[in-house]
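Hi there,

Here is the structure I promised to pass on. Have a look at it first, and then read on for my notes.

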Number of protein chains: 2
Amino acid sequence: MRGEYHPGYRLIILDIASSFGVSQAPVREAIERLKHEGLLKAEPNRGSTVAHLSLSEMREVYELRELIELYVLERMLPQLSAEDLAKLNELYESMCRVAQKDDVFAFIELDLAFHSLFYERYGNGQILGVWRGIKEKTTRFVSITNQLYFADLMVIAKGHRGLIDALQSGDLDSVKETYRRHIEGVWGRMRQML
Amino acid sequence: MRGEYHPGYRLIILDIASSFGVSQAPVREAIERLKHEGLLKAEPNRGSTVAHLSLSEMREVYELRELIELYVLERMLPQLSAEDLAKLNELYESMCRVAQKDDVFAFIELDLAFHSLFYERYGNGQILGVWRGIKEKTTRFVSITNQLYFADLMVIAKGHRGLIDALQSGDLDSVKETYRRHIEGVWGRMRQML
DNA sequence: CGCCCAAACATTATCGATAATCTTCTCGAT
DNA sequence: ATCGAGAAGATTATCGATAATGTTTGGGCG
């Protein structure tokens, strides 16, 4: 997740086991999990390597995200409480703080936490599950590309100010349009990295 | 998947291992996979049980399905080839054949294969992944509730005739409306089971 | 000089056993 | 009779070792 092992790196079970001071079994279990979360790729009898995460895959992720996030937003907008808005404001301020320190990893966590609020409030567990997958892939992509991202950290943070304002206005169309532009904007910044 | 082990059933590793004539390791690996596919649920040191699949969960699944299927349909409609339509017709006829034999499991496979065509043609791997999850949950739910489903098998089969006709007309709005009614109709039939 | 085959090596997959943990049952005290 | 402590049993989690598989290296042959 943090990009510590780069894509393509082959994980040797016995090495990992001895580095953690455990036997093969727990390492195998962990690898099995990571395989199914899509972080590792494996071929039978050939071991596991860190999965690649291509730009084209991220394009697909963003298409899916736009689809479900606009839907969730529309549906949960009426239920949005003052408390929720306070929480979003709080996250926005944390984002600004972290942006100045150029801490990319902490920033993306906050950014995604901001959007998570809507999915969690909405209460559809299946959609939440899809969002979790999107979140994970996004985090990983940012971790991998890292250094190229933080040029615009403050710009992205400020963008969330606009989102909050739109939510406060309560006008559905302007909320959807603001979000659509936001999501596409972040994606556009990402795609320029490669 | 076939409902052989019913929800709540506890899987004992050593029993399964000896029944397959293998040791614990491969059984553990399989369980780990099934856990992450959501078919099993596990608590640490307390073993694994077959996951329950509630009606409320299926409601969520159908909400998600309607969202993404209408989207995919809209986007890939222009690319739909005569070949695709022939394939859909073929599946429709198989459905009718199987419906008469009251083979619920075979029927649901055909039904889902019908809808899979759109997702596979569309070419967004992330969305396809979401669909795979939906497919799996649906199959399982039908397997579990089984006997209650096949009263309407022929009705559901015939419904696909209408979908093909709508697709052939090429009119987006009528396609979307037909599909929306179809998806909600199948869901309505399901919810009546409980 | 390059190519194929076999041996040596590296690594994964599987095994059976032990350790840790949880559950059930028994027994004594209240 | 009820509750809790503790032993006995069942099961999972972990271990280290062996078997199976894949990869590399070195040597003989064309």
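**What I found**

Two notes on conventions before the rest. This is a predicted model, in which local features need pLDDT of at least 70 and side-chain atom pairs count only at pLDDT 80 or more, while totals for chains, interfaces and linings use all residues. Residues are numbered from 1 along each chain as its sequence is written, chains are lettered from A and ligands numbered from 1 in the order in which they are written, and side-chain values use heavy atoms, with hydrogens and water left out.

**Chain A as a whole**

Chain A has eight helices and three strands, where helices (H or I, at least four residues) and strands (E, at least two) are DSSP runs numbered from the N terminus. Along the sequence they follow the pattern β-α-α-β-β-α-α-α-α-α-α. The C-alpha atoms of chain A fill a box of roughly 55 × 35 × 30 Å along the principal axes. Of its 194 residues, 45% count as buried (under 20% relative accessible area, with exposed over 50% and partly exposed in between; 1.4 Å probe, protein chains only). Taking contacts (heavy atoms within 4.5 Å) between residues at least 6 apart in the sequence of chain A, 74% join residues at least 24 apart.

**The two copies**

Chain B superposes on chain A by a rotation of 180 degrees with 0.1 Å of shift along the axis, at an RMSD of 0.1 Å. That is the relation of a two-fold axis. The superposition is by least squares on the C-alpha atoms of residues with pLDDT of at least 70 in both copies. The copies meet through the same surface, because 100% of the interface residues of chain B are also interface residues in chain A.

**Around DNA strand C**

There are 16 residues around DNA strand C, and those that come nearest are Arg28(A), Asn45(A), Ser23(B), Gln24(B) and Arg46(B) (a residue is near if one of its heavy atoms lies within 4 Å). Of the atoms of DNA strand C that come within 4 Å of the protein, 76% belong to sugar and phosphate. The residues of this surface divide into seven nonpolar, six polar and three charged (Ala, Val, Leu, Ile, Met, Phe, Trp, Tyr, Cys and Pro are nonpolar, Asp, Glu, Lys and Arg charged, and the others, Gly among them, polar). H2(B) gives the largest share, three residues.

In chain B, a side-chain N or O atom of Asn45(B) is 3.1 Å from a sugar or linking oxygen of DNA strand C.

Ser116(A) is found in helix H5 of chain A and counts as buried, at 4% relative accessibility. The side chains of Ser116(A) and Trp131(A) are joined by a polar contact of 2.9 Å (a pair of N or O atoms within 3.5 Å; within protein, one must be able to donate a hydrogen and the other to accept it, and residues adjacent in sequence count only if both atoms are side-chain atoms).

Tyr122(A) is in helix H5 (residues 104–122) as well, and at 16% relative accessibility Tyr122(A) counts as buried. Leaving out residues up to four places away in sequence, Tyr122(A) touches residues including Tyr71(A), Ile127(A) and, from the other chain, Glu63(B).

Best wishes
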